[in-house]
Amino acid sequence: LRPMRVESVVWVAERKDVLSGFFYLLALNVYVTYCRHRNKFLYALTILAATLSLLAKPVVVHFIIIVFLIDWFFKRSWDRRQFFEKAGIYLPLALLSQITFNIHPRATMFMADFHLQAIGEKILLSCWGYVFYLKSFLLPIISVLFHRPPQPIQLSDPAYQMSVVGIAFIIGSLILFRQKRLYVFFIIFLSLSLSIVLLFPQTTYALRVGHRHMYIPSIGLCIFLGVVCTHTYQKLESHCFWQRGYTCLCIFLVLTLMYKTIQQTHVWQNSISLWRHQLRHNPQTISALLYNKLGAAYLMDETVRDRIKQGEDHRFIYQIMDYQFKALAIKPDFASAYYDLARIYLLMGDVDKSIYFTQQPIKLAPKRAAGYYHLGKLYLRLKEPEKAMALFHQARILNPASEREIHRLLVQ
């Protein structure tokens, strides 16, 4: 029903969200049942479900903290038995989390950039991101792939001022309604769920947030809203007229969300529609990456590649090339844009220009192995193995880890 994360169903490659969400909910449900019945089978099933959820997607690493929160909600006393109980859940999840972090290709870059940021910027970005995700959940008007935080990151910006006020309001509501255990539980649940999401996207490497990151955090909000709606419906049992009106309102909201979801599925129809939607509805996020992704999306389409090979529709070809030139105008050293231009010229049969654009990243960054690898790949495709092997050798010297990729290419 929610239009914030339709790609989990529309794209097969995003089914990991469905798997992770299913096992995450299963682990929560089983652990709540375990708190009431203390069954060893339920305890083992909790560990298994949480592990499977983490294997599907590492964003649920906060589960062990959620377990402590559930204990607090049910007023479970802390003793020696509980210590060993939590250790049995924590150890496998902590081990998997560490392995995931070590093998994640961007985790090191994320954390390196994160430590370079000033503490004031981290706080402001966290406040803005928290309020943004909460607002996006409650008002899913236009959903795009990502948004960029307002620049510069300063408290003088009204957007950050409103975010700080929003956080202050939430903290104040926690103090005011501290006796409402359910409300406190779900606010902390949301905060813990968003913690991992707020940590990574606020780095300089990926300074953006997106509705799609709310998939796991929104679970707590959905449960909370479900509880509130059920409680409100029960309160209106003695008022038939108001209960019917409330039912009609809920049905209307559900139908509205369904309509927005159907609209969003058309956005995620393919990569071209996705990036065109981003460009059309959120021009503030225009960047070299956005233009490059849109141009690359066209090149992924076999029909488009055939049209380029035929060379009949010059206007269409220049439009695709223009996306890459716009990317280079914003970021002159953007290697991916050069490689995509080289692909276009190769499809058009212009080998010299294809070689020229593939050589540009090497001239801009002669110590990066990727440039030599891509140029070698091009020469291999042009049936010039001697030049290709010389370039592959240089790529191996600069980055020994490229050996595996080169070997896979040569085997093919």
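What share of the 412 residues of the protein chain counts as buried? In this predicted model, the answer is 42%.

View 1. Let's start with the overall picture. Among contacts between residues at least 6 apart in sequence, 65% join residues at least 24 apart. The chain exposes about 23300 Å², and carbon and sulfur atoms supply 65% of that area.

**View 2. The largest nonpolar core holds 51 residues.** Look here for Tyr24, Phe63, Ile89, Tyr130 and Leu194, which touch the most other members of this core. Two or more residues each come from α2 (15–37), α3 (40–56), α4 (63–73), α5 (80–103), α7 (119–138), α8 (158–176), α9 (181–199) and α10 (217–235). Helix α9 gives the largest share, 10 residues.

**View 3. Ile89 and the residues around it come into focus.** Leaving aside residues up to four places away in sequence, Ile89 touches Tyr31, Tyr43, Ile47, Phe63, Ile64 and Val67. One of these partners, Phe63, is also listed with Ile89 among the core residues that touch the most other members.

**View 4. A second, separate core has 33 residues.** To find your way around this core, look for Trp268, Leu299, Ile317 and Leu341, which are among its members.

**View 5. Nonpolar side chains also form a patch on the surface.** The patch consists of Leu138, Leu139, Ile141, Ile142 and Leu225, with about 480 Å² of accessible area together. Leu225 belongs to helix α10. Its relative accessible area is 34%, so Leu225 counts as partly exposed, a class that lies between 20% and 50%.

**View 6. Both ends of helix α14 (residues 302–310) deserve a look.** Just after the helix, Gly311 takes a positive phi of about 65°.

**View 7. Ser402 sits in the loop between α19 (385–398) and α20 (403–411).** A polar atom of the Ser402 side chain lies 2.6 Å from the backbone oxygen of Asn399. Ser402 also touches Ala395 and Arg396, not counting residues up to four places away in sequence.

Definitions and conventions:
Residues are numbered from 1 along each chain as its sequence is written. This is a predicted model: local features need pLDDT of at least 70, side-chain atom pairs count only at pLDDT 80 or more; totals for chains, interfaces and linings use all residues. Side-chain values use heavy atoms; hydrogens and water are left out. A nonpolar core is a set of buried Ala, Val, Leu, Ile, Met, Phe, Trp, Tyr and Cys residues joined through side-chain atoms within 4.5 Å. Buried means under 20% relative accessible area, exposed over 50%, partly exposed in between (1.4 Å probe, protein chains only). Helices (H or I, at least four residues) and strands (E, at least two) are DSSP runs, numbered from the N terminus. Contact means heavy atoms within 4.5 Å. Patches are made of residues with over 30% relative accessible area and no salt bridge: like charges are joined within 9 Å, nonpolar side chains (Val, Leu, Ile, Met, Phe, Trp, Tyr) within 5 Å. Accessible areas come from the Shrake-Rupley method with a 1.4 Å probe; for residues, only the protein chains shown count as cover. A salt bridge is a side-chain nitrogen of Lys or Arg within 4 Å of a carboxyl oxygen of Asp or Glu. A polar contact is a pair of N or O atoms within 3.5 Å; within protein, one must be able to donate a hydrogen and the other to accept it, and residues adjacent in sequence count only if both atoms are side-chain atoms.
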